[in-house]
Amino acid sequence: MAGSLDNTIAQAIPLITDDTNLGDPITEPNQGPVVDHTPVVDTIPAPNPISVADTPNIAHGGMVKYPAKRKYKEIEEEEHAPSVSQMPGSQQVRPRRVTRSRAKLVETVADAHASPADVHANKPEPYGQPVAWADKRAALNDALPYFKAHQGSVHTKDLVPKGMLIDCIVGIRDYFSSQVIVTSIGGGRVQDPITKTMVRTEDQGEDGKNFKALKYALENKHPFVMIADIWQEKIKGDKEQPVVVYMIRLEKVRLDTKSWWTPKGVSAHEAGEFGIGTYSCASHTCTTCQSQSKEIFEQGWTCLNSECSKYFELAACFDIDHLTYSDAFLRERTAYTGPEFDDERVPSLPSEDNNSIGSEKEYKQGILCPKCHCCSRRIKWDGWCCENAECDFKHIVPLKQTPLDGMRSENQKMEQRRSSSANDVHESIIVHETIAGGQEFKTFFLPDEDGKTAIGTITRIRPTEAALSRRGGIDDLYLQLQREDLKLERRPAKNAGCRVEELTSHFSGNFGAPYKFGVVVKTTTSFGDAPAPILETLLRLTWGGKAAVETSVNLIQDKGIKVLENAIPSEFEQYNEQLVLGYFENSKISAHDDGEKELGPNVASLSLGSPSVMKFSPKKGKNIGDTKDINKKKRKPVLSLLLKHGDMLVMHGERIQKLYLHAVDPCGKHRFALTCRHVRPRTIPDEEQRELSIVNGKIPNRWAAVRYDGREDRFESSVTGEVATSVGAIIGSG
Ligand SMILES: O=C(O)CCC(=O)C(=O)O
Ligand SMILES: [Fe+2]
């Protein structure tokens, strides 16, 4: 189906160009006096790796300092980009322009792993500054409300396109000027098994997500830059066969302001800046199908209705690689007839608000640095630092203490909601409840693949009300933690198969022995330098960990539970590491195991603040639980547990980590999870690291002399014999 060339649609999709290499194909000026369809691409200077294209009502305020050295973009190849195999291979007969553009294009692809500095070489200085730019796609996604596509080129919301990313690998006929962009619509390509590049093997259909969204916007006049048209053309496919692709023509809505990427000092004509009505592209009616098509090619008119037998007949006379757009088509400008629209491209900085804590979801999004326009993610718990290494901009919105009553009501509501939900525990799991000193122990024996033999226990320990609210109790611990600088940061997530760097959704910080965990926690603070609430947590979890081991061992004996030999040890190895995770609203930790080879079999965590749901699922291929999904990566959980403020959760038995994954989804605005482990120094091959784990994991003497007894809910000093309900009473006087 050919697009109607008469449609003129206004769009407000911000156009984002990964302009490390913004287009190159049509680089050679037409011969003769007309030079305007030159410029664009090869002259678009692209000062930054990824930037938001200028739209007329954006003010480019302030001077921009560009990074001297730009890292090469870490963007996945866009779906709309052409592949190497689409590049023509043989020498061309026709125009210099095309021949050169092909050479350039091949170069472009070959350059795909070159440094941005090379890619930008020989491009002239731009007229203005980009509204927004970033080194990483993830930063664009985090900072810009109008571009949140982690893969693919078009960001849509409720089926309406909001932003489009055009990357450095361009199509054979792609065209970029100050006012017009012609490019293909992404989607429908597959990876060539040999070259690993994305190739087009067949005609692009109408069912692609991007096509549907852009077509919808075209028909409904949703504001954007402007989609002036969508139509189909033929290009060469993976085996040089002609394949049909959808092309799109984007025009700026307002033509009276200069685009930032226009080369400095060139005339309006050279930059391709034309008014409405100055040029017009002839349309002709097809004698076969009666539909109208514009004369878009320099080589002559062809019917652009792909359902017509005369569609793209030009291809019979010319190699389709040699088709070039006509000057009239490239210079014609379309009047915008859509509604007024808000063209705000610069989101405002989050500010302090009396009704917010500062950990609500809006505080986790990225910012657009007002100094250098770099899209910057919220990496640090305390605030935003510009991600441009050359910019010193910081934006701090201090987190307020979370009100205890609000936090409590979050917990209560969650408990009520969960009490009505069934099927949280798979039938193969043995469950026992015991009470010790008022604390509720719930122990779950996780089965091996035979469904009968236990291989580990999950114990949830729920404190008494008094243990939460008494002076020096768990509520106080939570408030104290919020006053400490825990050096929490979001760190690069290890995402198998994902080439785009993403940060973890939660913030983390490590104390004691260094620990590598799904994410790389590079730094650690020794227990000697750790703040008091971290060490108090260590004492509490040490009791919890030991109590869970004892309870498990007693239950095995008392109830005659069948256990895999040595899978649930009765010994407890003292923790020497604590990982603190901080969760804002909507943060979570996705499925993982804590099965690093350096770790002991016992892992205990304390939940503080908002409630959460922790789920255990069998790993792929393990004959456990519901086996209908046995070969799926994401499997149905066999255990789903509510973790409330003050709950401890102990995993005991290293086989748990081999057979199961766990994930935690907090439901609220602010949560901490503090998890202690035993990192076995002798298993660390590197001498320096081994030494570090011993030194950093050493508990300072005055803390090592104190023990928490959860049954009595009190701290005791083995040196002075003092007993108190608050650890401060002992440490302070010790
Ligand atoms: O947030 C939690 O409760 C769980 C944390 C966790 O799984 C971990 O630190 O490994
Ligand atoms: Fe974990």
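Select Tyr279 to begin: apart from residues up to four places away in sequence, Tyr279 touches Phe274, Ala328, Arg331 and Glu332, where contact requires C-beta atoms, placed from the backbone, within 7 Å. The structure is a predicted model in which local features need pLDDT of at least 70, side-chain atom pairs count only at pLDDT 80 or more, and totals for chains, interfaces and linings use all residues. Residues are numbered from 1 along each chain as its sequence is written, while chains are lettered from A and ligands numbered from 1 in the order in which they are written.

Remain at Tyr279. This residue lies in the loop between helix 6 (268-271) and strand 12 (283-285); helices (H or I, at least four residues) and strands (E, at least two) are DSSP runs, numbered from the N terminus. A residue is buried if 20 or more other C-beta atoms lie within 10 Å of its own, exposed if 12 or fewer, and partly exposed in between.

Now display the whole chain. The secondary structure comes to 16 helices and 32 strands, and 49% of the 734 residues count as buried. Of the contacts with a separation of 6 or more, 73% are between residues 24 or more positions apart.

Val154 stands opposite Met164 in strand 5. The hairpin has 2 residues between its strands, and Asp158 takes a positive phi near 50 degrees there. Strand 5 (residues 160-166) is largely enclosed by the rest of the structure, because 6 of its 7 residues are buried.

Proceed to residues 574-680, which an unreviewed UniProt entry annotates as "domain: Fe2OG dioxygenase"; such annotations may be inferred rather than shown by experiment, feature names are shortened, and positions are given in the numbering used here. The end C-alpha atoms of this span lie 10 Å apart, and the span is 5% helix and 49% strand.

Within this region, select ligand 1. Which residues surround ligand 1? They are Leu579, Leu581, Ile589, Asp594, Ser605, Ser607, Met614, His662, Val664, Ala673 and Thr675, each counted as near if its C-beta atom, placed from the backbone, lies within 6 Å of the molecule. Strand 22 (577-584), strand 24 (602-609), strand 28 (660-666) and strand 29 (670-677) each give two or more residues to this shell.

Follow strand 28 into its sheet. Here 4 strands form an open sheet in the order 23-28-25-26, with antiparallel pairing. Strand 23 (589-592) and strand 26 (639-643) stand at the edges with a single partner strand each, so one side of each is left without a neighbour in the sheet. Strand 25 (residues 612-618) pairs with strand 28 over 7 bridges in the antiparallel sense, and Val613 has Asp665 in strand 28 as its bridge partner.

Strand 31 (residues 714-717) and strand 32 pair over 2 bridges, and Glu716 stands opposite Val723 in strand 32.

Conventions
Two strands pair if DSSP finds at least two bridges between them. Two residues are in contact if their C-beta atoms, placed from the backbone, lie within 7 Å.
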